[in-house]
Amino acid sequence: MAIDLTIAFFIIYDIIFQILKTKYQKMKKKKVTLAVLMAIVFSSCNTKKSNGDWDGNDYYTGKDTVINQRTYRGSGLGYWYYMNSNNVTRYYPHTGYSETLPAEAHRQGTFLNSPAHTSNGGKPVSASTFTSSRTSGFGTTSRGGGYSPIS
Amino acid sequence: MKRLKIEPRNNWQKLVEEKGFLYHTLEDIPYWFEGACYQFTSQQIDVLNVATQELHDMCIAAAQHIVDYNKFDLLGIPVHITPLIKEAWGKSDNDFWSMYGRFDLAYDGINPPKLLEFNADTPTSLFEASVVQYYWLQDFKPGADQFNSIDEKLLETWKWIHSKYKSSMYHFACLKNPGGKIPLTQLKEDITNTAYILDVASRVKYLKYNFIDIGDVHWDGDKFVDESDRTIETLFKLYPWEWMVNEAHGVHIQKSNVHWIEPIWKMLWSNKAILPILWELYPNHPYLLPAYFDEASAGSSYVKKPKLSREGANVTIVENGKVTDGREGGYGDEGFVYQAVATIPNFDGNYPIIGSWIIGGEAAGIGIRENNSRITDNVSRFIPHFFDK
């Protein structure tokens with residue numbers, strides 16, 4: 001009787017163990033291409049962009065458009081731009097005006113000399129106070145603080 | 001549990017980059033480190049699995065306790081936020097539960113794992129744990145197994161989410177655009193982890209998505225919209241709740257109908273005040289370390305942790321009344337908790353912490369981060385693992 005109970009115990013234990021073990025089965029990701037991830041990561045994180053030796057500190061918002069046979073990227077500041085080595089050309093869709101400025105000036109948010117081309121009604125404003133017609137949303141804590149927001 | 005010194009794969013940087021892992025090296029020091037790995041027995045993996053599941057159950061009870069007894073002040077949560085948390089928690093029974101979270105555990109393979117903290121709102125290293133270490137194992141030891149069903153459980157969770165919400169579009173937001181003092185590597189990590197979750201979600205049939213910067217989530221006077229003024233129905237955000245509620249647009253959260261992932265009640269779990277509350281509810285539990293709100297109760301040796309802190313910032317270790325280790329930072333305004341010093345195994349000067357994932361309410365796998373000190377910070381190494389079948 002005692003032996004039967006022991007055998008029964010080990011059978012039940014083995015069943016439970018096999019059930020538990022299925023939890024750790026290896027992933028099936030070998031069939032997964034991660035295509036969406038790759039597209040996002042390489043477009044958002046790869047600093048060696050095709051249009052120049054960009055360091056990533058731009059105002060890229062993820063929107064592209066073709067203007068005059070060049071790929072422009074949408075800025076949150078109301079213009080489109082493309083990068084060409086150490087220069088950046090901005091295009092202001094409100095007036096069709098374009099200008100070229102050093103990449104460093106673009107990175108620092110240097111504002112257009114002629115505010116008439118922007119969406120703020122032509123008021124002279126500095127880069128630090130300028131906002132586009134779109135209201136900025138969440139994210140101010142991190143951009144002002146600089147602490148690592150994620151654990 | 002053993003730490004094995006091994007040879008990295010030839011051209012490992014290229015191999016991991018091909019999988020989309022672009023932040024494998026930080027300031028010339030490998031963050032992804034495959035010059036070593038951890039080996040477990042299947043019994044040890046069982047222990048981690050059971051502990052993770054039980055800790056999750058205990059955290060559910062702790063959240064209910066906070067809500068039932070109105071203990072939000074212990075967490076430093078603003079009064080005007082508590083109705084939102086109560087409402088979301090009340091809905092969680094028959095609405096969305098939770099997508100993910102990561103328990104950080106001290107474990108030596110012999111004694112029961114001890115909970116160090118629960119990263120329940122914005123945990124990262126998900127991509128490394130789910131994808132990068134999986135592909136490493138295929139090259140290193142394809143016959144071995146790994147505690148890693150993160151991908152499968154994420155997919156099941158997203159199937160469930162879509163069947164429940166049926167949103168016409170799902171938004172995924174993180175810090176995507178540079179600005180302020182955000183390091184580029186931080187952006188890469190956030191973008192990659194968010195993109196990975198999006199990738200999994202995109203495998204759900206008919207699910208449409210949009211990947212945006214958290215700054216593009218704004219209130220149009222009536223609802224939250226994206227950069228193209230499209231209504232946000234469901235939003236996954238890799239951005240802490242405690243920051244969102246304190247920002248200008250946070251005042252609109254209570255008026256919105258957005259399905260938030262993670263839900264706002266995660267503020268209860270991502271706060272280190274959960275540690276002394278757990279200890280109060282489950283005194284002497286084998287998976288818990290003694291933890292208190294007051295320094296005097298902790299005795300002469302303890303770890304002082306800000307209630308809201310990330311990457312080890314502002315954590316101080318005090319032993320026999322003297323500070324023996326610590327990290328600076330800008331956290332601590334909400335107060336501190338005092339937790340007993342955990343015994344973190346020392347493998348020749350390497351201190352591993354187990355990050356144990358809970359996905360859709362189920363234990364789903366582990367990732368290991370290792371440091372040369374007992375405090376895991378933002379330069380800790382990620383070390384892959386395996387166990388023999």
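**View 1. Helix 4 of chain B, a mostly covered helix.** Twelve of the 15 residues of helix 4 of chain B are buried, so this helix is mostly covered. Everything shown here and below comes from a predicted model. Look out for the kink of about 30° centred on B:Val132. As for length, 15 residues at 1.5 Å a residue should span 21 Å, and the end C-alpha atoms of helix 4 of chain B sit 20 Å apart, which agrees.

**View 2. A three-strand open sheet in chain B.** The strands of this sheet run in the order 1-4-21, with mixed pairing. Strand 1 (2–5) and strand 21 (385–387) of chain B are the edge strands, each pairing on one side only. From one strand to the next, the twist averages 30°. Zoom in on strand 4 (residues 36–40) and strand 21 of chain B, and you'll find them paired in the parallel sense over three bridges. B:Tyr38 has its bridge partner in strand 21 of chain B, namely B:His385.

**View 3. Helices on the sheet.** Here we bring in two helices of chain B. Helix 2 (residues 42–68) of chain B lies across strand 4 and strand 21 of chain B, and runs at about 85° to strand 4 of chain B. Helix 4 (residues 126–140) of chain B packs on the sheet too, touching strand 4 and strand 21 of chain B. The direction of helix 4 makes about 60° with that of strand 21 of chain B.

View 4. For the record, a disulfide is a covalent bond between the sulfur atoms of two cysteines.

**View 5. B:Ala340 and its contacts from elsewhere in the sequence.** B:Ala340 is in the loop between strand 17 and strand 18 of chain B. Setting aside neighbours within four places in sequence, B:Ala340 is in contact with B:Leu289, B:Pro290 and B:Val303. Now find B:Leu116: this residue and B:Ala340 are 224 residues apart in sequence, yet their C-alpha atoms are 9.5 Å apart in space.

**View 6. Two aspartates with positive phi.** B:Asp229 has a positive phi of about 60°, although this residue is not a glycine. The loop to look at lies between strand 10 (224–225) and strand 11 (234–237) of chain B. B:Asp229 is exposed, with a relative accessible area of 52%. B:Asp348 also has a positive phi without being a glycine, this time near 50°. You'll spot B:Asp348 in the loop between strand 17 (336–339) and strand 18 (351–359) of chain B. With 74% relative accessibility, B:Asp348 counts as exposed.

**View 7. A cis peptide bond in chain B.** The bond to check runs from B:Ile261 to B:Glu262: this peptide bond is cis, with omega near 5°. B:Glu262 belongs to the loop between strand 12 (259–261) and helix 8 (274–281) of chain B.

Key: Residues numbered from 1 in each chain as written. Chains lettered and ligands numbered in written order. Predicted model: local features only at pLDDT ≥ 70, side-chain atom pairs only at ≥ 80, totals over all residues. Heavy atoms only, no water. Helix = DSSP H or I, 4+ residues; strand = E, 2+ residues; numbered from the N terminus. Buried < 20%, exposed > 50% of the residue type's maximum accessible area, 1.4 Å probe, protein only. Contact = heavy atoms within 4.5 Å. Pairing = 2+ DSSP bridges. Axes fitted to C-alpha atoms, helices over the stretch in contact; angles between N-to-C directions. Expected span 1.5 Å × (residues − 1). Bend = angle between axes of the 7 residues up to and from the residue.
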